Amino acid sequence: MNYLNYAGEAFLLIPLSAIFLNNICNKRFIEKHFHILTGAVALLQMIAAVFAFYIMDANQMLNFDFSVFGSSKITGIELFDINPVSLVFLFCIGMVAFVSVMISIRTIDVKKGSYVNLLMTLLIGMNGMVMVSDLFSLYVFLDVIGISSFVMIAMFRSRKGLEGSIKYLIISEIASIFILMGLSFISMKTGSLSFKDIGRNLLTNTFELQTILIYAAIILMIAGFSIKAGIVPFHSWLPDAHQSADTSISVLLSGIVIKIAGIYGIYVLTNIFGGIKAYQVSLAGLGIISVVVGALLAACQSHFKRIVAYSSVSQMGYILLGLSTGSTLGIVGAVAHVFSHAAFKSTLFTNAAAIHEQTGTLEIDEMGGLQSRMPVTAFSSTIAFLSTAGIPPFAGFWSKLLIVMALWGSGNQILAGFALCASILTSAYFLRLQKKVFFGKTPEHLSSVTEVTGSIKFAEILLTAVTCIVGVLFPLIIIFLHSRGLI
Amino acid sequence: MLNFQTIMLFVGFLMIIAGCYCMIRTYHMLKIIIGIEVAMKAVTMFLILAGYMNGHMGLAQAYVITAIVIEVIVAVVFAGVTIGLYKKYGNMDIRNLTELKG
Amino acid sequence: MNGWILITGILIPLLGALLLPLFGKLSGKFRNIMALTFVTTAFILAVCALTGVLADKPFSARYVLPLGFSFGFLGDALAVFLAMTASFVSCIIVIYSFGYIHEYENQNEYYMMVCLFVGAMMGLVYSTNLIAIYTFWEISSLCCWRLIGFYREEITIDRANKTFIITVLGALIMLVGFMGIYSQTGTFDLTEMKGAYIPSWCVVLILFGILSKSATIPLHSWLPDAGVAPSPVTSLLHAAVLVKIGVYAYARFFVLTFEINEAFTTIVPVIAAVSALYSAGVAFRENDIKRVLAYSTISQLAFILLGLSCGEKIGIIGGLMYIMAHSVAKGGLFLCAGIVEHNIHTKDIRKMGGLAKTMPLTATAFALCACSIMGIPPFFGFFTKHMVIEGIVSSGNIVLGVLFVLCAVMTVMYLIRLFVKVFFGQQTFSEVKEGTPIMVVSVLILGIISLLLGFFSFLPSHLATMIWGLM
């Protein structure tokens with residue numbers, strides 16, 4: 001169990017020491033080699049997650065409590081806790097951070113030191129959030145994520161960046177108010193905010209007012225985490241923030257931040273309130289609206305990153321649908337979709353970075369015919385789009401199928417059928433994107449475009465391989481989950 | 001019914017409504033952060049109230065101090081972004097922000 | 001347990017397709033030969049699987065997974081029949097492509113997609129799991145999207161997108177139907193639910209997918225529009241692979257596996273009749289050679305659907321044999337149209353005429369294939385069409401029988417119109433040459449086979465009778 005303790009601590013201490021290293025070392029040296037430092041941190045995180053997963057599986061553990069710096073236990077504030085689900089999230093964080101570093105090598109020319117500091121702070125926030133075991137610490141790490149994202153968006157001080165940042169900041173702070181209010185209401189009833197205690201004390205019926213407040217708390221926290229996840233109707237900040245940031249940062253925001261800050265929060269709530277019918281219905285309602293409206297809005301955008309950002313809104317809806325079932329199958333489907341979404345959304349943002357580097361624009365009306373000039377980018381974006389649209393045999397299909405099966409099993413047949421057919425909207429807006437960007441006539445100013453090289457190409461190939469391989473080998477994952485009695 | 005807890009809850013809700021109203025009504029960035037701060041103060045009060053109601057005042061203190069620290073950092077970041085915008089536009093009117101649409 | 005033959009037959013074209021672009025970087029000729037090799041391998045392995053069927057020990061492989069998933073492959077009579085037909089016609093089309101496609105860009109993608117298409121078809125016919133069938137179904141939609149969009153023009157891309165949207169939407173609705181079956185039976189494995197009664201709403205949802213893929217009214221409009229693709233591609237879509245997937249799925253699900261409501265033996269023939277008559281009528285009005293042939297395909301597919309859905313033995317056997325007859329003959333017709341289009345650079349039949357003098361071999365092949373489609377004895381098409389109509393009449397539906405006879409007459413008329421307009425009359429293009437030898441030989445092969453199959457029609461009929469025995 002010592003190894004698990006080391007692994008758990010590593011998730012927090014490695015980024016922390018990277019910050020120290022970054023600020024102690026010679027500035028010029030760091031600017032030159034920043035990608036080695038950050039890339040190593042991301043890789044170590046992935047390795048640690050796989051390693052911890054292997055140990056937990058070998059010992060048949062479902063969760064493991066540990067402490068950082070040997071901090072003592074206080075009533076109400078539990079220690080950190082890792083479990084298989086949080087390890088999947090941790091792996092996704094490492095993967096997307098790695099992709100972000102790969103992109104940043106090409107796109108970030110100034111303020112490399114700040115980028116490292118902020119990325120590491122963001123990593124601490126996200127890793128902390130998926131490992132904590134009480135609601136208040138969850139909130140603290142949530143704001144660490146929030147603050148580092150605000151600064152990252154505004155980092156280059158362009159008009160767009162500042163505008164996206166301030167929109168995100170205001171709406172996100174409202175979300176924080178909601179969440180904090182919700183958890184104070186819960187604490188009025190239960191006296192403790194640790195996940196285990198809340199579930200235990202929630203059912204005891206003591207005081208009329210506090211029971212009402214619990215329901216208020218559920219509404220407030222769903223709203224708060226939905227804002228963070230960019231669920232319709234709380235999505236207005238998301239495309240603005242994701243469009244205006246540098247691509248290496250939008251890949252983080254769209255690929256993982258909304259999922260950790262929003263979806264993981266809702267996952268925690270599901271563990272606590274999952275049995276309440278009203279909770280399930282509201283999640284399902286938000287989910288299906290998000291799926292449809294997100295896709296429709298994506299279909300009428302003209303900026304590459306905006307389309308992809310709205311696509312995130314739509315996909316978050318599927319994850320909510322999976323969580324709304326409250327069944328193990330639904331949660332497995334949702335977590336699988338988190339992973340496949342991290343893979344294909346990172347691919348699409350990497351493509352955006354490639355196109356921006358080579359053509360200097362991301363307005364899809366100004367592009368065309370890039371398929372013959374940038375074959376690798378075109379191919380990887382096609383695979384990512386197919387995975388997003390849930391076309392087999394790619395990873396997105398399986399996670400979507402599991403979600404739909406769970407929905408069907410929980411008695412929402414019509415909703416399941418509707419969610420499945422809504423994938424066609426995904427196909428529709430991606431076909432439009434493909435047509436405008438990669439096919440059609442090439443405008444004259446793009447006639448000398450060539451394929452992107454170096455780290456971005458490497459990231460594209462790597463992510464495409466991940467999407468394909470996970471998709472083709474997904475039956476093995478099903479066998480594994482079945483053998484562990486999960487589905 | 002009209003005991004201490006309900007009165008405090010009521011006052012808190014009023015403060016939140018006041019904060020939200022402030023955010024909606026004004027177009028000045030600094031006034032928006034003031035609105036957010038007012039609402040945050042109400043939430044902080046709820047945390048203390050929760051401590052009072054469940055008898056863990058020590059824990060509530062820890063929560064409140066952490067929440068205040070976070071609040072301050074948010075205010076600082078907000079101010080930083082606002083200064084950036086002020087340098088670009090020359091005033092602090094949020095109606096200037098029209099670059100991102102769609 | 002010779003299942004590995006089936007799995008190899010699927011994997012060689014599928015995985016080989018992914019290697020073709022790499023081969024293409026080395027040398028174009030090598031890539032072409034490898035593409036032909038992969039497709040031919042699929043055909044040869046299908047013939048190997050035939051031995052299993054004839055020995056009454058069909059090859060099979062099955063690995064059960066949790067949650068009702070499974071990897072199941074079964075080479076029964078229906079699967080082998082379809083696999084042989086599809087891979088054989090695909091072989092001819094690949095050979096033809098060597099002559100047709102060599103001057104265009106994106107050849108790597110073209111051969112990759114053709115090969116992938118054949119692999120998807122093989123996978124689809126051999127699989128016994130609904131999810132696997134859905135997977136290969138969507139792979140075929142994907143290939144068809146890229147193949148129709150082969151020329152990178154605005155209109156071809158739009159048409160390709162239209163095809164993709166319609167077929168994928170149909171498939172998604174069908175998947176909802178599969179979920180309905182799953183909730184009834186708790187498994188996706190077809191072998192486990194033989195004889196299961198499924199509710200009518202599931203049947204309707206699955207029919208959506210089938211009709212969208214086999215281009216039956218009201219989901220037909222993508223097929224004529226797909227004529228903007230290169231001719232070997234349209235031939236592949238119409239004859240060898242794509243539209244046959246729909247009728248195969250009908251045969252596999254509703255003829256061989258599930259029990260469905262009696263009412264569908266009336267509803268589906270009526271849909272087929274509407275489809276047949278409407279598209280035969282439209283075929284008169286069209287002046288684009290490929291659109292005429294496309295509407296003809298829609299009309300002939302209605303015959304197949306009619307045969308399969310009438311519920312009589314003779315009709316079902318006729319429908320199955322019609323799949324083969326139509327594959328060979330319609331493949332030949334489209335390839336002939338491709339030669340004509342390739343040489344005179346227009347698709348408008350009003351501008352053509354007198355081509356029989358300059359292209360005698362192509363005209364002969366066209367005539368042979370057209371006769372088979374028209375149902376002139378002793379061509380193969382005659383026997384099958386006869387059996388289908390006999391099937392619907394013996395099921396007691398005289399009106400539909402009469403309508404389909406009318407439709408057969410219309411088929412004769414519009415194909416003769418097409419033939420006369422293109423090959424007879426005033427010679428408008430004087431300096432036209434015959435197509436390249438490789439193209440002409442491949443169409444002649446198909447034409448002669450449609451004639452020969454008429455004389456040897458007992459061979460496929462034996463196989464079709466065995467399919468009936470599977471019920």
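A salt bridge here is a side-chain nitrogen of Lys or Arg within 4 Å of a carboxyl oxygen of Asp or Glu. With that in hand I opened the model, which is predicted.

**Entry 1: salt bridges**

Arg159(C), Lys162(C), Asp225(C), Glu286(C) and Arg291(C) are linked in one by salt bridges. I then ran the search over the whole structure, and 23 salt bridges came back over all chains.

I picked a pair in chain A. Glu163(A) and Lys167(A) join their side chains in a salt bridge, 3.2 Å from N to O. Both sit in helix H6 (residues 159-190) of chain A, and because they are four residues apart there, about one helical turn separates them. I checked the cover on each partner. Glu163(A) is buried at 0% relative accessibility. Lys167(A) is partly exposed at 22%.

Next I took pairs that span the sequence of chain C. Glu192(C) forms a salt bridge with Arg62(C), with the closest N and O atoms 2.7 Å apart. Glu192(C) lies in the loop between H6 and helix H7 (200-213), and Arg62(C) in strand E1 (residues 59-64), so the bridge ties together parts of chain C that are 130 residues apart in sequence. Arg62(C) is partly exposed, with 37% relative accessible area.

Arg252(C) and Asp76(C) also meet in a salt bridge, at 2.9 Å from N to O. Arg252(C) belongs to helix H10 (residues 242-257) and Asp76(C) to the loop between strand E2 (70-75) and H3, so this pair connects parts of chain C that are 176 residues apart in sequence. Are Arg252(C) and Asp76(C) buried or exposed? Arg252(C) is buried at 6% relative accessible area, and Asp76(C) is buried at 5%.

**Entry 2: aromatic pairs**

I counted 52 aromatic pairs over all chains. Phe98(C) and Tyr111(C) form a tilted one, 6.2 Å centre to centre with 45° between the planes. Tyr111(C) is buried, at 2% relative accessible area.

I moved on to Tyr104(C) and Tyr151(C), an edge-to-face pair at 5.3 Å centre to centre and 70° between the planes. Tyr104(C) is partly exposed at 26%, while Tyr151(C) is buried at 18%.

**Entry 3: charges over rings**

I found the charged end of Lys400(A) over the ring of Tyr318(A), 4.3 Å from its centre. In chain C, the charged end of Lys385(C) sits over the ring of Phe303(C), 4.9 Å from the ring centre.

**Entry 4: a nonpolar patch**

I noted a nonpolar surface patch of about 610 Å², whose residues include Ile448(C), Leu452(C) and Phe455(C). Helix H18 (437-455) and helix H19 (458-470) of chain C each supply at least two residues. H18(C) gives the largest share, three residues. Leu452(C), found in H18, is partly exposed at 41% relative accessibility.

**Entry 5: cysteines**

How many disulfides are there over all chains? I got zero. For Cys371(C), the nearest cysteine sulfur is that of Cys369(C), 9.2 Å away. Cys300(A) is exposed, with 55% relative accessible area.

Key:
Residues are numbered from 1 along each chain as its sequence is written. Chains are lettered from A and ligands numbered from 1 in the order in which they are written. This is a predicted model: local features need pLDDT of at least 70, side-chain atom pairs count only at pLDDT 80 or more; totals for chains, interfaces and linings use all residues. Side-chain values use heavy atoms; hydrogens and water are left out. Rings of Phe, Tyr and Trp (its six-membered ring) pair if their centres lie within 6.5 Å; planes under 30 degrees apart count as stacked, over 60 as edge-to-face and the rest as tilted. Buried means under 20% relative accessible area, exposed over 50%, partly exposed in between (1.4 Å probe, protein chains only). A charge sits over a ring if NZ of Lys or CZ of Arg is within 6 Å of the ring centre and within 35 degrees of the ring normal. Patches are made of residues with over 30% relative accessible area and no salt bridge: like charges are joined within 9 Å, nonpolar side chains (Val, Leu, Ile, Met, Phe, Trp, Tyr) within 5 Å. Accessible areas come from the Shrake-Rupley method with a 1.4 Å probe; for residues, only the protein chains shown count as cover. A disulfide is a pair of cysteine sulfur atoms within 2.5 Å.
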